[in-house]
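This report looks at one helix and its packing, then at a pair of aromatic rings. The sequence and structure come first.

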Amino acid sequence: GTYSANDENSYIDGILEKIVGKYTTESSEAIGPKIGSELKSDALKAIGIALILITLYISFRFDRFYAYGSLAALVHDMLITLGIFSILDIPLSLKIVAAFLTILGYSLNDTIVVFDRLRETKDTHSAKPIDEIINKSLNSTLTRTIITSFTTLLAVTTLFIFGGSVLKD
């Protein structure tokens with residue numbers, strides 16, 4: 001036989017009537033597979049557009065030398081996060097897209113701070129080898145990065161514990 005959403009709704013209605021008695025449904029919505037695939041497609045487009053706009057921004061903000069490294073850092077952060085979500089088998093939703101864009105924002109901020117410091121250090125210590133300049137720049141921003149990450153971890157942990165099931169993903 002055929003199966004429809006109405007069959008599922010009447011089944012759920014029957015269970016609810018047994019548990020709570022007579023009730024009235026104000027409204028009901030269902031998201032079908034077509035809408036779900038559209039949301040997934042739109043989410044991937046949003047992330048793609050964000051990456052393209054960030055690429056344009058970094059290209060104007062830094063010269064090519066810095067832009068390539070900063071873009072590699074952003075892509076690395078996104079791939080690591082996507083890999084973790086894939087391993088944990090977490091489905092893509094609008095909340096997940098918001099989380100990805102938030103991670104992208106934090107990563108972009110940190111990347112710009114590091115590369116600004118790299119540029120400053122290169123300008124003031126131009127006689128030193130590039131590996132020493134990079135090491136000095138990273139070391140000077142490491143404390144800030146750790147403090148920012150720890151503060152963010154505290155906020156996210158609080159949301160995870162007290163935010164309810166809606167925010168768990």
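The buried residues of helix H5 pack against helix H4 (94-124). Those buried residues are Ile133, Ser137, Thr141 and Thr145, where buried means under 20% relative accessible area with a 1.4 Å probe, protein chains only. An α-helix has 3.6 residues a turn, so residues three or four places apart point the same way.

The model is predicted: local features need pLDDT of at least 70, side-chain atom pairs count only at pLDDT 80 or more, and totals for chains, interfaces and linings use all residues. Residues are numbered from 1 along each chain as its sequence is written, and side-chain values use heavy atoms, without hydrogens and water.

H5 covers residues 130-162; helices are DSSP runs (H or I, at least four residues) numbered from the N terminus. From first to last C-alpha its 33 residues reach 46 Å, close to the expected 48 Å, which is 1.5 Å times one less than the number of residues. A kink of about 40 degrees is centred on Leu142, the bend being the angle between axes fitted to the seven residues ending there and the seven starting there. Just after H5, Gly164 has a positive phi of about 85 degrees.

The structure holds one aromatic pair (ring centres within 6.5 Å; planes under 30 degrees apart are stacked, over 60 edge-to-face, the rest tilted). The ring centres of Phe85 and Phe100 are 5.3 Å apart and their planes lie at 55 degrees, so the pair is tilted. Phe85 belongs to helix H3 (residues 64-87) and Phe100 to helix H4, so the pair ties together parts 15 residues apart in sequence.

| Residue | Relative accessibility | Class |
|---|---|---|
| Phe85 | 13% | buried |
| Phe100 | 6% | buried |

Key. Helices (H or I, at least four residues) and strands (E, at least two) are DSSP runs, numbered from the N terminus. Buried means under 20% relative accessible area, exposed over 50%, partly exposed in between (1.4 Å probe, protein chains only). Contact means heavy atoms within 4.5 Å. Rings of Phe, Tyr and Trp (its six-membered ring) pair if their centres lie within 6.5 Å; planes under 30 degrees apart count as stacked, over 60 as edge-to-face and the rest as tilted.
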